[in-house]
Amino acid sequence: MAGSLHSCGYVNNNFGDAKCRALFAQGYKVVFVPYFTTTGTVNHMDLTSDPSLNSAYFSGLVTASQVTAWRPTPPILDFKTERADVVTQDFNNGLTKIRVSDGLRTVAFLFGENAPATKSKIESMNKDNWGFFLIDKKGNLIGARDSGTPYKILEPIRIQLGSITDKFVFPSDNTIQQNMVGFTVDPSFNDADITMIEGTSMTYDLRTLEGLIDADIQLNTAVTVTATGFAIVVDTLQGSINQPILVEGLVKADFTDVNQTTGATITITTVTETAPGYYTFVVPTMTASVLYKISCISTGFHINDYYVTGV
Amino acid sequence: METKIENVSGDPNVIKAMGKDAFVKAHSHLVNAEFVFDEFCKLADVTEVVKPSKSK
């Protein structure tokens with residue numbers, strides 16, 4: 001019997017159409033996610049246990065540890081993604097053109113009437129590996145198929161490290177204030193792996209998914225720090241200098257106070273909201289020069305820690 | 001247990017244990033610290049009074 005070579009170019013290239021194929025709609029929201037987990041695996045959605053795709057499931061993804069949590073954006077405008085022309089090598093005979101690689105895929109969209117502070121949030125993602133899912137106007141969740149174990153695994157589409165840009169645009173006579181966001185999809189990504197979880201398979205309208213509001217704890221310098229007290233504000237940085245947008249209604253139970261030298265958790269005596277968003281703390285006597293970490297957890301917000309130095 | 005009285009949030013038992021004078025002194029930012037202290041004390045756990053036994 002004559003020998004033959006393995007036929008790798010004759011597999012999976014038939015063109016019959018299945019019925020009810022999954023089709024995408026226009027982009028509605030982007031969900032940025034850290035691309036890797038803490039163990040180095042891809043930060044994917046695993047549906048092999050058939051979880052209920054309901055409000056609790058998706059809000060859990062948003063409120064998870066910041067190391068892997070989803071960051072849904074507000075509704076986006078002018079979403080556009082293009083794949084540049086294929087890179088080919090031409091040869092001197094003028095007849096032969098051989099494919100080298102796909103061109104780069106770029107993604108661009110706008111945030112309308114968005115705070116300038118968004119620029120630093122967007123561009124901070126250049127410091128690490130990020131990916132994204134796309135929520136389209138029909139509520140479908142678009143991502144990538146895992147080529148190794150494709151069954152019921154949806155991966156984020158990987159963003160090329162360092163490629164994310166945000167251009168803040170002042171309003172003009174006929175344009176609104178906006179942030180123009182753009183990035184490049186990682187060159188390793190194959191468009192053939194784009195897939196989705198259909199909105200009709202969920203019991204939750206993914207288009208309503210909202211991200212956490214970032215806020216910073218800042219010292220209220222109008223009140224002097226004493227050995228037994230200090231005052232803070234919790235600022236979203238989305239307001240103006242003289243009219244900040246503060247987080248209001250926080251209570252003592254929302255805060256923790258930890259001595260950074262001993263690691264001991266301090267029992268805060270009282271927290272008084274002296275004005276909406278302005279909080280005065282009374283604490284047991286602090287040790288001079290010791291750092292105390294003030295943390296705050298409140299539903300719907302991601303609040304950064306603040307360190308008070310004992311006096 | 002935490003309670004909020006006139007925008008002051010705290011544990012009534014902790015506040016009661018602090019004592020009124022110390023609480024008032026530490027809460028100079030309040031308009032009526034004495035009133036707030038009294039209101040918190042009303043919500044603190046009642047301390048059981050143990051009467052000494054009498055020998056016959």
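This is a predicted model: local features need pLDDT of at least 70, side-chain atom pairs count only at pLDDT 80 or more; totals for chains, interfaces and linings use all residues.
Strand E17 (residues 255-259) and strand E21 (residues 291-296) of chain A are paired in the antiparallel sense through 5 bridges.

- Phe255(A) has Cys296(A) in E21(A) as its bridge partner.
- E17 and E21 belong to an open sheet of 4 strands in chain A, with the order E18-E17-E21-E23 and antiparallel pairing.
- Strand E18 (265-266) and strand E23 (306-309) of chain A lie at the edges with a single partner strand each, so one side of each has no neighbour in the sheet.
- In general, the strands of a sheet pair through backbone hydrogen bonds.

**The interface of chain A and chain B**
- In this interface, 13 residues of chain A are in contact with 14 residues of chain B.
- The buried area between the two chains is about 1100 Å², and carbon and sulfur atoms give 59% of that area.
- There is 1 salt bridge across the interface, and the side chains that form it belong to Glu273(A) and Lys4(B), at 3.8 Å from N to O.
- The interface also has 7 residue pairs in polar contact.
- On the side of chain A that touches chain B, strand E19 (270-275) and strand E20 (278-282) each supply at least two residues.
- E19(A) gives the most to this side, with 5 residues.
- The residues of this side comprise 5 nonpolar, 6 polar and 2 charged.

**Strand pairing between the chains**
- E19(A) runs antiparallel to strand E2 (residues 8-10) of chain B, and 3 bridges join them.
- Thr270(A) has Gly10(B) in E2(B) as its bridge partner.

Key
Residues are numbered from 1 along each chain as its sequence is written. Chains are lettered from A and ligands numbered from 1 in the order in which they are written. Side-chain values use heavy atoms; hydrogens and water are left out. Two strands pair if DSSP finds at least two bridges between them. Contact means heavy atoms within 4.5 Å. Buried area is the accessible area (1.4 Å probe) that two parts lose on being put together, summed over both. A salt bridge is a side-chain nitrogen of Lys or Arg within 4 Å of a carboxyl oxygen of Asp or Glu. A polar contact is a pair of N or O atoms within 3.5 Å; within protein, one must be able to donate a hydrogen and the other to accept it, and residues adjacent in sequence count only if both atoms are side-chain atoms. Ala, Val, Leu, Ile, Met, Phe, Trp, Tyr, Cys and Pro count as nonpolar, Asp, Glu, Lys and Arg as charged, and the others, Gly among them, as polar.
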